[in-house]
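Subject: Handover of a structure and the findings from it

Dear colleague,

Please find the structure below, followed by an account of what was found in it. I would be grateful if you kept it open while reading.

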Amino acid sequence: MTTPILEVRDLKKYYPARAPLFHRGERPVVRAVDGVSFTIAEGETFGLIGESGCGKTTTVRTLLGLEKVTSGTIRFAGEDVQDADQAGWRRYRSSVQAVFQDPYSSLGPRMRVWEIIAEPLLTAGKMSKADIKARVAELLEVVGLPSDAGERFPHEFSGGQRQRIAIARGLSPQPRLLILDEPVSALDVSIRAQILNLLQALQDKFGLSYLLISHDLDIVAHMCRNIAVMYLGRIVETGTVAQVRDNPQHPYAQALFSAVLPPHPDKIKPRIRLTGPQPSPLNPPSGCRFRTRCPVVQPVCAEIEPALEQTCTGSRAACLFAPRASQEDID
């Protein structure tokens with residue numbers, strides 16, 4: 001069996017919160033990510049979806065080392081990232097790169113494009129200037145930018161071209177995994193398809209794996225093989241795109257995908273509208289975290305915290321009332 005490129009197990013990231021006046025006992029914490037687990041195979045695109053504030057971006061920041069993990073395990077190509085020495089951590093950072101949401105703010109405005117793309121290579125200090133120059137020229141061609149783009153500044157390019165520059169920068173150290181954090185949400189609709197097609201072509205060309213973070217369910221369904229739905233710091237359903245999109249078993253996933261246009265008019269389903277605000281990760285509900293907004297909530301939902309279990313459709317859902325798979329289905 002092939003070793004997964006990335007394994008995340010029971011990942012938690014808590015932030016200390018300001019305690020109320022005269023508060024006694026343990027200091028309150030914000031449970032931004034609270035026990036997230038998923039696996040990404042070599043060459044796969046894995047999607048992580050959910051509302052704003054569900055913990056997607058915090059998950060990305062922990063994977064990139066921008067936030068210290070509270071607990072849990074991150075394994076890359078079979079090696080534990082947290083136990084890596086300085087040299088191992090540098091290898092990991094070269095192998096895992098990111099393309100962020102806003103190409104207008106993610107590129108240094110005072111740097112020429114060739115400097116932006118070459119920055120990871122210059123930091124590593126393992127290539128000669130001639131090799132770096134050749135690598136930048138190669139990447140400009142790969143992402144569809146003119147050869148003279150390297151001498152220009154980011155403000156001279158359109159939004160789609162800037163995102164191409166960001167992709168080229170991410171590719172410069174020859175990574176194995178690219179984390180795509182809302183990579184097209186800041187772009188015009190007419191440009192989004194071009195960038196998505198470019199990402200798919202690059203994946204085929206270089207054998208890349210992608211972790212795609214998005215709230216756009218159509219994009220996730222188009223790009224991904226497997227997806228996970230997050231709610232309030234936890235994954236509530238995970239499986240293949242076909243399993244989760246076409247027949248979701250968790251009420252939250254059902255509400256999300258009810259808003260997506262079906263592939264055929266005959267398959268239109270009624271829209272499920274959630275009521276009430278999303279609870280705070282500072283004080284999440286007891287039991288099932290979705291129970292305060294769930295249309296099928298029962299008293300037991302406040303008492304038992306559901307685990308991800310395999311359903312009759314093959315996905316895994318954290319709901320006490322999702323139809324479970326039979327032992328025959330599991331075998």
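Leucine 320 sits in the loop that runs between β12 (316-317) and α10 (327-330); helices (H or I, at least four residues) and strands (E, at least two) are DSSP runs, numbered from the N terminus. This is a predicted model, in which local features need pLDDT of at least 70 and side-chain atom pairs count only at pLDDT 80 or more, while totals for chains, interfaces and linings use all residues. Residues are numbered from 1 along each chain as its sequence is written, and side-chain values use heavy atoms, with hydrogens and water left out.

With a relative accessible area of 31%, leucine 320 is partly exposed. The term buried stands for under 20% relative accessible area, exposed for over 50%, and partly exposed for what lies in between (1.4 Å probe, protein chains only). Together with Ile304 and Phe321, Leu320 forms a nonpolar patch on the surface, with about 250 Å² of accessible area in total. Patches are made of residues with over 30% relative accessible area and no salt bridge; like charges are joined within 9 Å, and nonpolar side chains (Val, Leu, Ile, Met, Phe, Trp, Tyr) within 5 Å. Accessible areas come from the Shrake-Rupley method with a 1.4 Å probe, and for residues only the protein chains shown count as cover.

The structure holds 12 salt bridges, each being a side-chain nitrogen of Lys or Arg within 4 Å of a carboxyl oxygen of Asp or Glu. In one of them, aspartate 34 meets arginine 289 (2.3 Å, N to O). Aspartate 34 belongs to strand β2 (residues 29-40) and arginine 289 to the loop between α9 (251-257) and β11 (309-310), so the pair ties together parts that are 255 residues apart in sequence. Both aspartate 34 and arginine 289 are buried.

Another salt bridge joins glutamate 138 to arginine 135, with 3.5 Å between the closest N and O atoms. Both residues lie in helix α4 (residues 129-142), 3 residues apart, which is about one turn of the helix. Glutamate 138 is partly exposed, at a relative accessible area of 38%, whereas arginine 135 counts as buried at 11%. Elsewhere, salt bridges that share partners join Asp34, Arg234, Arg289 and Glu305 into one network.

Finally, helix α3 (residues 113-124) has several buried residues, namely Val113, Ile116, Ile117, Ala118 and Leu121. The cover over the buried residues of α3 includes α4 and α5 (159-171), where contact means heavy atoms within 4.5 Å.

A colleague
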